[in-house]
Amino acid sequence: MTKYIFITGGVVSSLGKGIVGASLGKLLRSKGFTVAIQKFDPYINVDPGTMSPFQHGEVFVTDDGAETDLDLGHYERFIDANFSQLSSVTSGSVYQTVINKERRGDYLGGTVQVIPHITNEIKSRIAKAQKQFKPDFQIIEIGGTIGDIEGLPFIESIRQFKAEVGIGNAINIHCTLLPYLPTSGELKTKPSQHSVNVLRSHGLNPEILVCRTAKPIPKTEKEKLALFCSVAKEAVIECRDMKSIYEVPLALEEQNFANVVLKLLQTPERASNLDSWKDLVNRITHPEKTIKIAIAGKYTKLSDAYISVVESIKHAGYEHSAKTEIKWINSEDCVDVAQCKELLKDVDGVVIPGGFGIRGVEGKLNVIRYARENNLPFLGICLGMQCAVTEFARNVAGLKGANSTEFDEHSPHPVVDLMLDQKNVKGYGGTMRLGAYDCQVKKGSKAHEAYGSTKISERHRHRYEVNTEYIEQLKKAGLVFSGMSPDGMLSEIVEIPQLDWFVACQFHPEFKSRPEKPHPLFRGLITAAIKQKES
């Protein structure tokens, strides 16, 4: 029988509930249990796909094409598992489903209300995920902060669900913040007490408190929290700020976190096997070398907009026991060629990630030209590949005015164009090429060397592609198309083989990288950067 773990948050938002859930999932996996995770987001958007990255960070894409919250990226990276559309639930998707049912007459003329119709739909999403994954443990994180109006239907659904499955089959972990007052040198527990009281007012009692803190929690404060929040002393868990998020599972393991969960869920304890994770953390905390990688994009003021890219770069560095410093470069600052050169002169490699819109594109083209002409290890992703093709077309193949029709509908050489199946698409939400697609890799190419295979599957999120009418011209000029869709119509990977590492891909490799298994294309980038620096 699946056991259920609900994670709520209080005091402030952005506490790191996702990291707590992912870390717990990692610990349970290390004991040999199977784990599935869901993220319930209370916002009314059907999914984050149409949101600006400044609103909610990156959009993480699953194999089956769901556009989801970035926390799903943490879940997949920590647990080393692939999740699905059922792993991401929003108020918007729930209300949309209920309203569609009402329009069809499924409720037989009844009055549609939050209770029971919305709450039943929310509970059905838990049941559907359980049916798909059949896990030993199902972790469900509720986005936002307790007390938010939009989150109340989810809280009520949890209350009902816990009562329905019975004692020992579901628990609530409540994450809070313990503010530190430097003037008095105290950690304050009162905000956490108030947060638990709000949770109780909605019918939920937490079985475990996870307290985010900048300082160690004194024994007296833990006892106070246990007393006033009605949880066992061993169920007050300290979650201190760490230099790396990958240290969190080990810090929680030291406090017996997973075993406390197993005890509350009436499950026999098992021994953990965290040896490989400990080795990973040792390489993270004791690096033998340092390299600097630039990320040139337009959302550089919010690192969460590129969080999977950042983590993938770091994963590849960890394999070499290397600390990877990220240099953020606003591509708009690179429109000036001289400034572009100045910004790139001290980096060991550069990544141009995905994005939409014309802002900063000319700067990205200058970054790519610098990388190509100076043999600076380069990886282009999605729009980064489209820009790499455009730059090559203009400056190597002699196609003056080459561009993407996304930015110039009247370009004399539209080397990047809207995909055929996107021509008649109306609306933005969920209408791109999304999810996992197969790719044939050319033997003898750098991509083939990196993957060690001629057939791969990668996740996509785009509307535009390399115009097939220009492929032969670009090939003659020296651009190698080392990855193509099985039907030969979609350009998936391009590279310049005579350079140490100049590779660009139409898909998003960052979504499949893991801390213990770096993605092959990021590994290729970092390996080339380290070799160049050491030589």
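The structure is a predicted model, in which local features need pLDDT of at least 70 and side-chain atom pairs count only at pLDDT 80 or more, while totals for chains, interfaces and linings use all residues. Residues are numbered from 1 along each chain as its sequence is written, and side-chain values use heavy atoms, with hydrogens and water left out. Lys 39 and Glu 141 form a salt bridge whose closest N and O atoms are 3.8 Å apart, a salt bridge being a side-chain nitrogen of Lys or Arg within 4 Å of a carboxyl oxygen of Asp or Glu. Because Lys 39 lies in strand β2 (residues 35-41) and Glu 141 in strand β6, the pair ties together parts that are 102 residues apart in sequence. Helices (H or I, at least four residues) and strands (E, at least two) are DSSP runs, numbered from the N terminus.

By this rule, the count of salt bridges comes to 36. One of them joins the side chains of Glu 164 and Lys 123, at 2.7 Å from N to O; since Glu 164 belongs to helix α6 and Lys 123 to helix α5, this pair ties together parts that are 41 residues apart in sequence. Glu 164 is exposed, with a relative accessible area of 53%, whereas Lys 123 counts as buried at 10% relative accessibility. The side chains of Glu 186 and Lys 188 also meet in a salt bridge, at 3.5 Å from N to O, and here Glu 186 is partly exposed, with a relative accessible area of 37%, as is Lys 188, with 32%. Elsewhere, salt bridges that share partners join Asp 63, Glu 76, Asp 80, Arg 459, Arg 514 and Lys 517 into one network.

Lys 298, located in the loop between β12 (289-297) and α12, is buried yet has no salt bridge, and the nearest side chain of opposite charge, that of Glu 406, is 7.4 Å away; for charge, Lys and Arg count as positive and Asp and Glu as negative, with His and the chain ends not counted. A polar atom of the Lys 298 side chain does, however, lie 2.3 Å from the backbone oxygen of Phe 356. When residues up to four places away in sequence are not counted, Lys 298 touches Phe 54, Tyr 306, Asn 330, Ser 331, Phe 356, Gly 357 and Arg 359, contact being defined by heavy atoms within 4.5 Å.

For helix α6 (residues 152-165), the 14 residues should span 20 Å at 1.5 Å a residue, and the end C-alpha atoms are 20 Å apart, which agrees; the expected span is 1.5 Å times one less than the number of residues. Because 10 of its 14 residues are buried, α6 is largely enclosed by the rest of the structure; the buried residues include Phe 154, Ile 158, Phe 161 and Val 165, but also Glu 156 and Lys 162. Gly 166, which follows α6, has a positive phi, near 90°. For helix α12 (residues 307-319), the 13 residues should span 18 Å, and the end C-alpha atoms are 19 Å apart, which agrees. Helix α12 is mostly covered, with 11 of its 13 residues buried, among them Ile 307, Val 309, Glu 311, His 315 and Tyr 318. Ser 321 follows α12 and has a positive phi, near 55°.

The largest nonpolar core has 59 residues, and those with the most contacts inside it are Ile 5, Ile 173, Ile 208 and Phe 257. Helix α1 (residues 17-30) gives the most to this core, with six residues. A nonpolar core is here a set of buried Ala, Val, Leu, Ile, Met, Phe, Trp, Tyr and Cys residues joined through side-chain atoms within 4.5 Å. Beyond its neighbours within four places in sequence, Ile 173 is in contact with residues including Ile 5, Phe 6, Leu 24, Ile 208, Val 210, Phe 257 and Val 261. A second, separate core of 42 residues includes Val 350, Val 389, Ala 393 and Leu 399.

Pro 135 is placed in the loop between α5 (114-133) and β6 (137-142) and counts as buried at 4% relative accessibility. Pro 135 and Ala 36 are 99 residues apart in sequence and 5.9 Å apart in space, C-alpha to C-alpha.

Definitions and conventions. Buried means under 20% relative accessible area, exposed over 50%, partly exposed in between (1.4 Å probe, protein chains only). A polar contact is a pair of N or O atoms within 3.5 Å; within protein, one must be able to donate a hydrogen and the other to accept it, and residues adjacent in sequence count only if both atoms are side-chain atoms.
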